[in-house]
Amino acid sequence: MSFRALFLEKSDAGFSASVRELSDTDLAAHASEGNVTVRIAWSTVNYKDGLAITNRSPVVRKWPMVPGIDGAGVVESSDDPRFAPGSAVILNGWGVGETHWGCLGGKARLKADWLIALPDGLSARQSMAIGTAGYTAMLAALAIERGGVRPDDGEILVTGAAGGVGSVAIAILAGWGYRVVASTGRPEEAGYLTGLGAAEIIDRASLSAAGKPLQKERWAGVVDAVGSHTLANACAQTRSRGVVAACGLAQGMDFPATVAPFILRGVTLAGIDSVMCPRALRETAWQRLATDLDRSKLDAMTREIALADALPAAAAVLAGQIRGRLVVDVTR
Ligand code: NDP
């Protein structure tokens, strides 16, 4: 049976991204390492999807490609006993949408090892409103919790606050009782950010230039979606024994810092990798999202779009113009 999907191609004429009608035969030819066919209902446009769909950086490493690093749907057929037909599943990462055909389309052929059951209490649409960005925010929040930082220990800084990772991180951490300070370049989003639970808004320009190796101690924990000088300054401002979760590079991949915060204040720099995150930690993160994330806040940060809208949305994500999260109805 045929289905619609985003389709990325490279040829002598250059790069192109379009909506195509594809078939099970195409899936069998291009996603042969999969052993579970999933009828995808919802997907999303993450920062990495934006890079893939615009061909802005070499995210896609096999051509042609169906993008989409996240998907939620129902198993149609399966060669693996863990996922019977009819099971509701979600997929995040594992190189899907990069080296393996992804979920911005009506069907995907995926490996059972990559799938997890849709957690109780979350709809497929809600799981994609969360998506990799929200699940990464939970991994970062869990790293802060695991590092022993408690709400009484002080404030949490969230950078890239109005983006996907930042928005979900604010909602989670405020919900857990932390005082959250949101760093943004969009002061006009102050009302949105306080609605998610931010207690204070700061201008991201205060963190984005080169700073001293050790600065006045302020943060008990940090969720950083931005990297570069912002991450270096966040570390330099973190209190003794605090935890900084590094999850993004919206400002840059560089890390122009010194070891001073780590060896003089015992600061922990926790790396967050959602793509190859082991199953047990994934499942914990999704369980906590299902129980702890305020649904009204999730709704407030989510905008729904149709499949073809993901093409222009990709550029808007990279331009920092999207607030919160996009959820894609792939059937529309
Ligand atoms: P979004 O595009 O939704 O948000 C990024 C935010 O970063 C923007 O909204 C903006 O926030 C801020 N920002 C953008 N450009 C700059 C800049 N030049 N300097 C400072 N801040 C900037 O992306 P996501 O939230 O989905 O992802 C954020 C980052 O996390 C990306 O780099 C992404 O690649 C990474 N990521 C990593 C994962 C992992 O596994 N480690 C998984 C998912 C994402 P504001 O407007 O509020 O200033």
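Biologist: Is Glu 98 buried or exposed?

Modeller: In this predicted model, Glu 98 is buried, with a relative accessible area of 7%.

Biologist: Which side chain does Glu 98 meet in a salt bridge?

Modeller: The partner is Lys 48, and the N to O distance is 3.0 Å. Lys 48 belongs to helix α2 (residues 47–54), whereas Glu 98 sits in the loop between β5 (88–92) and β6 (107–110), so the pair ties together parts that are 50 residues apart in sequence.

Biologist: And is Lys 48 buried, exposed or partly exposed?

Modeller: Lys 48 counts as partly exposed, because its relative accessibility is 25% and that class lies between the 20% limit for buried and the 50% limit for exposed.

Biologist: How many salt bridges are there by this rule?

Modeller: The count comes to 21 salt bridges. A network of them links Asp 24, Arg 39, Glu 76 and Lys 107.

Biologist: What about Arg 125, which side chain does it meet in a salt bridge?

Modeller: Arg 125 meets Glu 304, again through a salt bridge, with N and O 3.0 Å apart. Helix α3 (residues 124–146) holds Arg 125 and strand β14 (residues 302–306) holds Glu 304, so this pair ties together parts that are 179 residues apart in sequence.

Biologist: How accessible are those two, Arg 125 and Glu 304?

Modeller: Both fall in the partly exposed class: Arg 125 has 27% relative accessibility, and Glu 304 has 31%.

Biologist: Which residue forms a salt bridge with Glu 304 at 3.2 Å?

Modeller: That is Arg 332, with 3.2 Å between the closest N and O atoms. Arg 332 is in the segment after β15 (325–329) and Glu 304 is in strand β14; the two are 28 residues apart, and the pair links distant parts of the chain. Arg 332 is partly exposed, with a relative accessible area of 42%.

Biologist: Changing topic to the ligand: which residues come nearest?

Modeller: There are 25 residues around the ligand, and those that come nearest are Thr 184, Gly 185, Arg 186, Ile 272 and Ser 274.

Biologist: What does the backbone of Ile 272 do there?

Modeller: A polar backbone atom of Ile 272 is 2.7 Å from a nitrogen atom of the ligand.

Biologist: How much of the ligand's accessible area does the protein cover?

Modeller: On its own the ligand has 920 Å² of accessible area, and the protein covers 85% of that.

Biologist: Now Gln 237. Where is it found, and is it buried or exposed?

Modeller: Gln 237 is in the loop between α6 (228–236) and β12 (238–246). It counts as buried, at 14% relative accessibility.

Biologist: What does its side chain make a polar contact with?

Modeller: The side chain of Gln 237 makes a polar contact with that of Trp 219, at 3.0 Å. Leaving aside residues up to four places away in sequence, Gln 237 touches several others, including Leu 207, Gln 215 and Arg 218.

Biologist: Which residue in β2 is the bridge partner of Leu 6?

Modeller: The bridge partner of Leu 6 is Val 19.

Terms used. Residues numbered from 1 in each chain as written. Predicted model: local features only at pLDDT ≥ 70, side-chain atom pairs only at ≥ 80, totals over all residues. Heavy atoms only, no water. Salt bridge = Lys/Arg side-chain N within 4 Å of Asp/Glu carboxyl O. Helix = DSSP H or I, 4+ residues; strand = E, 2+ residues; numbered from the N terminus. Buried < 20%, exposed > 50% of the residue type's maximum accessible area, 1.4 Å probe, protein only. Polar contact = N/O pair within 3.5 Å; in protein donor to acceptor, adjacent residues only side chain to side chain. Contact = heavy atoms within 4.5 Å. Near = heavy atom within 4 Å. Areas by Shrake-Rupley, 256 points an atom, 1.4 Å probe, with all protein chains shown as cover. Pairing = 2+ DSSP bridges.
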